[in-house]
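The structure is shown first, and the description follows.

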Amino acid sequence: MGAALLFSEFEEVATGRASGFRPIYYLGCKAAFAAAIKSAIDEVDPSGGRALDLFAGTGVVATYLAADRDVTTVDVQEYSRVLCSAALRPVGVSLGGIEKSCERVVAARWQAAWCFEPVVAFEEEVIVDAMKGDVCGLIELLESPPLIAFSDEGQRVPDSRLGCAIEETISRLTTTGLSKSEGTLVARSFGGVYFSFKQAVVLDAALSVAQAAGEELQDMLTAATLSTASTLVNTVGKQFAQPIQPRTRSGIVKPGLAKTVYRDRSLDSIDVYRGWLKKYSELPCTNGRHQAVRSEYVDGLLKHGPNCSVVYADPPYTRDHYSRFYHVLETMCLRDNPSTSRVVKGGASMMSRGVYREDRHQSPFCIRSIAPMAFEALFSRARQFDLPLVLSYSPHQEGDGTHPRVVSMKQIVDLAERHYRRVETRAVDGVKHNQLNRNGLKLKMRDQAEVIVKCFV
Ligand SMILES: C[S@@+](CC[C@H](N)C(=O)[O-])C[C@H]1O[C@@H](n2cnc3c(N)ncnc32)[C@H](O)[C@@H]1O
């Protein structure tokens with residue numbers, strides 16, 4: 001049966017505010033500040049008109065606002081569009097519908113599961129060995145590049161049991177015509193590196209099921225797969241920037257390595273996927289007028305600004321590009337077999353250990369020399385449509401583990417004041433709201449978790 005027919009198995013769920021829903025582990029997720037952001041938005045724009053969330057990320061703020069206003073989300077990344085679309089236009093799914101989706105995923109994976117059997121068997125064996133104290137095989141697996149390094153880039157397959165398993169898998173992929181297929185992209189590119197091979201095969205199958213589904217369901221099923229990937233990923237902090245390093249810089253095996261790997265890689269992907277489908281299906285039903293768009297922020301503002309009455313902006317503030325931390329989710333949405341970035345090591349050029357997309361997005365907000373101009377464009381374009389604006393700013397504190405901000409709070413307020421009649425800042429610690437005066441900004445901000453900048457027209 002075609003996955004499109006699933007829609008008839010779905011039912012509506014209650015309306016209300018989706019509070020506390022976090023689709024993925026995400027740096028700088030604003031869920032804790034959503035209520036404070038909403039009250040700032042209501043203050044600068046009491047009309048209750050459509051809000052334009054320009055750097056929507058996980059969509060948690062947009063989803064919070066959506067109970068009271070129409071919302072349009074914009075983000076340059078496709079994975080953000082998918083997450084926002086699924087949360088803003090939820091499709092209620094019956095328990096029977098959820099089970100059918102899971103059955104389809106199980107059925108869709110059989111051919112790839114056969115191809116990856118040799119590396120899955122190797123992986124399961126070395127994890128068991130590692131739990132018993134022998135970590136040699138596990139270290140070889142964790143230090144190995146992904147399958148595409150051997151199949152697509154001609155890297156020499158090691159002369160070892162892992163090497164034999166890799167060769168056999170590549171041979172099976174070639175025999176079945178799956179060696180370049182989008183249906184095996186996650187397992188070929190990220191299996192063994194970010195997920196177990198077995199989990200990666202299920203993620204591929206879930207993406208195929210989503211792709212085959214009707215338009216109404218596609219984003220929700222893809223979003224549930226992204227959320228599953230975020231739960232499964234075997235890294236410190238659940239990001240996709242740095243695969244697990246089994247040894248310290250001095251070459252010593254990291255304590256707790258086997259447990260860390262076992263904890264994530266033994267998770268049953270179908271169970272996790274089922275749990276996420278349930279969470280998405282329980283999201284409150286919305287009015288259906290919400291929109292999720294993939295676009296650069298200026299284009300988004302020019303196109304959608306005229307239909308909105310207020311802008312919420314939460315751009316990045318450090319030199320860390322979000323695209324480095326979430327590139328796997330982007331590739332899972334685009335399914336485009338991207339070229340991967342390369343590094344030079346010991347004079348030889350090789351695939352980056354993080355298997356980053358070569359074309360991953362470089363945000364102007366993360367580049368010190370152009371970030372002020374990016375803010376200038378934001379304020380001037382929003383003002384061009386007479387749109388009041390609320391901006392989130394996360395201050396940096398010495399020793400908080402983050403990089404310093406590429407623009408200071410003062411620079412931002414100065415830029416905003418060139419375009420807006422009145423600019424006010426409010427520090428928020430998640431519970432209390434403290435009004436800051438202009439002169440006291442710097443000192444007081446240090447003990448605050450978030451600052452909200454309100455720009456009145
Ligand atoms: C701080 S995060 C937003 C977090 C979001 N408020 C949340 O709570 O999940 C910044 C977002 O800006 C997006 N972004 C960066 N540069 C952009 C640009 N030039 N145009 C549109 N979006 C951009 C990134 O993809 C990222 O999702």
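In this predicted model, the largest pocket is lined by 50 residues, and L27, P316, Y317, D320 and Y322 lie nearest its centre. Residues are numbered from 1 along each chain as its sequence is written, and side-chain values use heavy atoms, with hydrogens and water left out. Local features need pLDDT of at least 70 and side-chain atom pairs count only at pLDDT 80 or more, while totals for chains, interfaces and linings use all residues.

**Pockets and cavity**

Rolling a probe the size of a water molecule over the atoms shows where empty space is left. On a 1 Å grid over the protein atoms alone, a cavity is a set of points where a 1.4 Å probe fits but cannot get out; a pocket is an open set with protein on both sides within 12 Å along at least five of seven lines, and lining residues have an atom within 4 Å of a point. A volume is the space filled by probe spheres set on the points, which are joined across faces, edges and corners.

| Space | Volume |
|---|---|
| Largest pocket | about 1000 Å³ |
| Second largest pocket | about 680 Å³ |
| Largest cavity | about 60 Å³ |

Helices (H or I, at least four residues) and strands (E, at least two) are DSSP runs numbered from the N terminus. Helix 2 (60-65) and helix 15 (322-325) each give at least two residues to the lining of the largest pocket; helix 15 provides the largest share, four residues. In the classes used here, Ala, Val, Leu, Ile, Met, Phe, Trp, Tyr, Cys and Pro are nonpolar, Asp, Glu, Lys and Arg are charged, and the others, Gly among them, are polar. The lining of the largest pocket holds 22 nonpolar, 17 polar and 11 charged residues.

The second largest pocket is lined by 24 residues, with Q245, K345, S352, R353 and G354 closest to its centre. Strand 5 (342-345) and strand 6 (348-351) each contribute two or more residues to this lining, which comprises 10 nonpolar, seven polar and seven charged residues.

One cavity of 30 Å³ or more is counted.

**The ligand**

The ligand sits in the largest pocket, meaning that more than half of its atoms lie within 2 Å of the grid points. Around the ligand are 21 residues (a heavy atom within 4 Å), of which Y26, T58, D75, D314 and S363 are the closest. This shell contains 10 nonpolar, seven polar and four charged residues.

A side-chain N or O atom of Y26 is 2.8 Å from an oxygen atom of the ligand. A nitrogen atom of the ligand is 3.3 Å from a backbone N or O atom of V76, and a polar backbone atom of Y297 lies 3.0 Å from a ligand nitrogen atom. The protein covers 98% of the 610 Å² of accessible area that the ligand has on its own, as calculated by the Shrake-Rupley method with a 1.4 Å probe.

Conventions
A polar contact is a pair of N or O atoms within 3.5 Å; within protein, one must be able to donate a hydrogen and the other to accept it, and residues adjacent in sequence count only if both atoms are side-chain atoms.
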